[in-house]
Amino acid sequence: MSDMKQEFVSEFDEMTTTDRIRMLKSALPYVEISMQKYMAIYIKLLELMYIISYFRNEPQKFAARFSKCKSNDPREVMKGLKKYCSKSEQASVDQILQMMQAFEMYQKYSAFLQPFASMGNDSENADGASAAGSASASGKDPLSSLMGMLSPEQLKMFEMFKEM
C-alpha cells in the first residue's frame, strides 16, 4: 500500500474504530475457519455502530480532520481514485487526465489568440488581409492541426469536455 493511501486509511481507521475492534481484527486469522465469516460480520457491525455513534456525537471532528483533503479540482479527485483502480482503469484515468490537461491547454491557447483575432480584423480593414485569413488560406489553422493529432476516442472526450 502506498504511503499516501496508508496515511489516509490509517487516519480514517484511527478516528472511526476502537482498540477493541483492532484486537478483533488482529485475532481474525487465528479463529477457526468456520467462525471467521461470522466474526468478520461482527467486526463490521461493531465498526458501523461505532461510526454512527461517532458522527452522531462528534460530527465536527470528522469535518475538521478531513477538510484538508477537500479539493475542488477534479484532477485531484481522479488522482486520489486512481490509487484504487486496476491497471486498465488506471490507464483510462490517465487518458482522462491527459484529455483534461489538453482541454485546459486549448482554453489557454484560445484565450491567448483572442486578442490577435481582433487585431487581425483591424489589419484586414486596414490592408485587406488578416493573419487569421492567411492562416486559414494556407490550411494551417492551429486548432485543426491539433485536432488532427487526436484519436477518435480522444476527439469524443474533447467534445464532451468542450460541452461542459
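## Salt bridges and burial in a predicted model

Glu-47 is buried, with a relative accessible area of 13%. The structure is a predicted model.

**Around Glu-47**

Glu-47 sits in helix α3, which covers residues 33–57. Which residues does Glu-47 contact, leaving aside its neighbours within four places in sequence? They are Thr-17, Ile-21 and Lys-25. Glu-47 also has a partner in its own helix. Its side chain meets that of Lys-44 in a salt bridge, at 3.0 Å from N to O. Both residues lie in helix α3, 3 residues apart, or about one turn of the helix. Is Lys-44 buried or exposed? Lys-44 has a relative accessible area of 52% and is exposed, because the cut-off for exposed is over 50%. Glu-47, at 13%, counts as buried because that value is under 20%.

**Salt bridges**

How many salt bridges does a search of the whole structure find? It finds 8. Three of them are set out here.

| Salt bridge | N to O distance | Helix |
|---|---|---|
| Asp-19 and Arg-22 | 2.7 Å | α2 (residues 19–27) |
| Lys-44 and Glu-47 | 3.0 Å | α3 |
| Glu-104 and Lys-108 | 3.5 Å | α6 (residues 87–127) |

Take the pair in helix α2. Asp-19 and Arg-22 are 3 residues apart, about one turn of the helix. Asp-19 is exposed, at 55% relative accessibility. Arg-22 is partly exposed, at 27%.

Now take the pair in helix α6. Glu-104 and Lys-108 are 4 residues apart, again about one turn of the helix. Glu-104 is partly exposed, with a relative accessible area of 28%. Lys-108 is exposed, at 54% relative accessibility. This pair belongs to a network. Salt bridges link Asp-73, Arg-75, Glu-104 and Lys-108.

**Pro-74**

Where is Pro-74? Pro-74 lies in helix α5, which covers residues 74–82. Pro-74 is partly exposed, at 44% relative accessibility. Leu-97 is 23 residues from Pro-74 along the chain. The C-alpha atoms of Pro-74 and Leu-97 are separated by 9.2 Å.

How values were computed: Residues numbered from 1 in each chain as written. Predicted model: local features only at pLDDT ≥ 70, side-chain atom pairs only at ≥ 80, totals over all residues. Heavy atoms only, no water. Helix = DSSP H or I, 4+ residues; strand = E, 2+ residues; numbered from the N terminus. Buried < 20%, exposed > 50% of the residue type's maximum accessible area, 1.4 Å probe, protein only. Contact = heavy atoms within 4.5 Å. Salt bridge = Lys/Arg side-chain N within 4 Å of Asp/Glu carboxyl O.
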